[in-house]
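These are my notebook entries on one protein model. I record what I looked up, in the order in which I looked.

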Amino acid sequence: MTSAVTITRHGGTGGRTAVAARARQVVKAYGSGETRVVALDTVDVDIARGQFTAIMGPSGSGKSTLMHCLAGLDTVTSGQIYLDDTEITGLKDKKLTQLRRDRIGFIFQAFNLLPTLSALENITLPMDIAGRKPDKGWLAQVVETVGLADRLKHRPGQLSGGQQQRVAVARALAARPEIIFGDEPTGNLDSRAGAEVLGFLRRSVDELGQTIVMVTHDPVAASYADRVLYLADGRIVDEMFKPTADSVLDRMKDFDARGRTS
Ligand SMILES: Nc1ncnc2c1ncn2[C@@H]1O[C@H](COP(=O)(O)OP(=O)(O)OP(=O)(O)O)[C@@H](O)[C@H]1O
Ligand SMILES: [Mg+2]
């Protein structure tokens, strides 16, 4: 076992562990017999708190599956997933739903905003549903961070794609979740709007201490992260710290070349 298994507590994490989420020996298989597909093949990973982690890899390598399993959106075939100290594998549906609602934020490719609600109402909707009052100071800080202060009364249809995705980012941040998961959150945006949203995600890590895990195909998007995990055939095959768009691109070319010769 790696030293990462040791859970250290230190200041600045509000008494939480330094590891926000963990996967241990996680296998995820779909189907059975001849149609059995192993989407995750014995994955061990630690997601550090207060870091921005990107997950990359070819189509079908298991990126979304890993994210869904870490976020408790999908069950595992075997192995364990922990959110902080809570083992989420094995939680009953109701508890899992509650945990997702109270402790996890999501940003999907399609923004999933309600068209009849204003930007502000969309941002606070999950908390309204949970019966929690948003912290006013925090909400103002989030709105400021994502640059939406003058768009709060607009409905999604009156906002650009980038602005809509910023609303989705603010919605994920507003409830102060322990961890935010995004599956290609900038996949539908042009490069300028994408850069805006990625900039906000980066700031939320640097200035608000947020933990983020983002699946992406885009080396530029990955360069906003602190760490890039590379998946291939359901396994984590490599990782890179302090990535740049060029270093990520080089690594991807390297994988492609090896893939062709093996
Ligand atoms: N519900 C399912 N039933 C059967 N097989 C599935 C299911 N979901 C995913 N798979 C398979 O599991 C593997 C991993 O899929 P996954 O969606 O995690 O890939 P990905 O890396 O996110 O790919 P992409 O970049 O195309 O989104 C693929 O071979 C896929 O066909
Ligand atoms: Mg996917």
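Entry 1, terms and conventions. I call a residue buried under 20% relative accessible area, exposed over 50%, and partly exposed in between, with a 1.4 Å probe and protein chains only. By that rule I find Ile47 buried, with a relative accessible area of 0%. The model is predicted, so that local features need pLDDT of at least 70 and side-chain atom pairs count only at pLDDT 80 or more, while totals for chains, interfaces and linings use all residues. Residues are numbered from 1 along each chain as its sequence is written, chains are lettered from A and ligands numbered from 1 in the order in which they are written, and side-chain values use heavy atoms, with hydrogens and water left out.

I took helices (H or I, at least four residues) and strands (E, at least two) as DSSP runs, numbered from the N terminus. The protein has eight helices and ten strands. Its radius of gyration is 18 Å, close to the 18 Å of the globule rule for 262 residues, so the protein is as compact as a globular protein of that length. I took that radius over C-alpha atoms, and the rule is 2.2 Å times the number of residues to the power 0.38. The C-alpha trace spans about 55 × 40 × 40 Å along its principal axes.

I noted that buried residues make up 47% of the 262 residues. Contact here means heavy atoms within 4.5 Å. Of the contacts with a separation of 6 or more, 67% are between residues 24 or more positions apart. The protein exposes about 12,900 Å², and carbon and sulfur atoms supply 50% of it; the method is Shrake-Rupley with a 1.4 Å probe.

I define a nonpolar core as a set of buried Ala, Val, Leu, Ile, Met, Phe, Trp, Tyr and Cys residues joined through side-chain atoms within 4.5 Å. Which members touch the most others in the largest core? Of its 43 residues, they are Ile123, Leu148, Leu201 and Val228. Among the elements that give two or more residues to this core are strand S3 (52-56), helix H6 (191-208), strand S8 (212-215) and strand S9 (227-232). Setting aside residues up to four places away in sequence, Leu201 touches Phe52, Ile107, Val169, Pro185 and Ile212. Another core, of 28 residues, lies apart from the largest one and includes Ala23, Leu40, Cys69 and Phe181.

In H3 (residues 119-130) I found Ala119, Asn122, Ile123, Thr124 and Met127 buried. Their cover includes helix H4 (136-145) and helix H5 (161-174).

Ala23 is placed in strand S1 (residues 19-30) and is buried, at 0% relative accessible area. Beyond four places in sequence, Ala23 touches Val43, Asp44, Val45, Leu70, Gln80 and Ile81. From Ala23 to Asp150 I read 41 Å, C-alpha to C-alpha, at 127 residues apart in sequence.

Ile47 is found in strand S2. Among the residues that Ile47 touches, not counting those up to four places away, are Ala20, Leu70, Ile179, Val213 and Leu229. Thr42 also lies in strand S2 (residues 37-48). Thr42 counts as partly exposed, at 35% relative accessibility.

Where does Lys242 lie? I located Lys242 in the loop between strand S10 (235-241) and helix H8 (245-261). Lys242 is exposed, with a relative accessible area of 74%, and has a positive phi of about 45 degrees although it is not a glycine.

Gln109 lies in the loop between strand S6 (104-107) and H3. Is Gln109 buried or partly exposed? At 30% relative accessibility, Gln109 counts as partly exposed. Leaving aside neighbours within four places in sequence, Gln109 is in contact with Gln165, Asp183, Glu184, Gly187 and Asn188. Gln109 and Gln163 are 54 residues apart in sequence and 13 Å apart in space, C-alpha to C-alpha.
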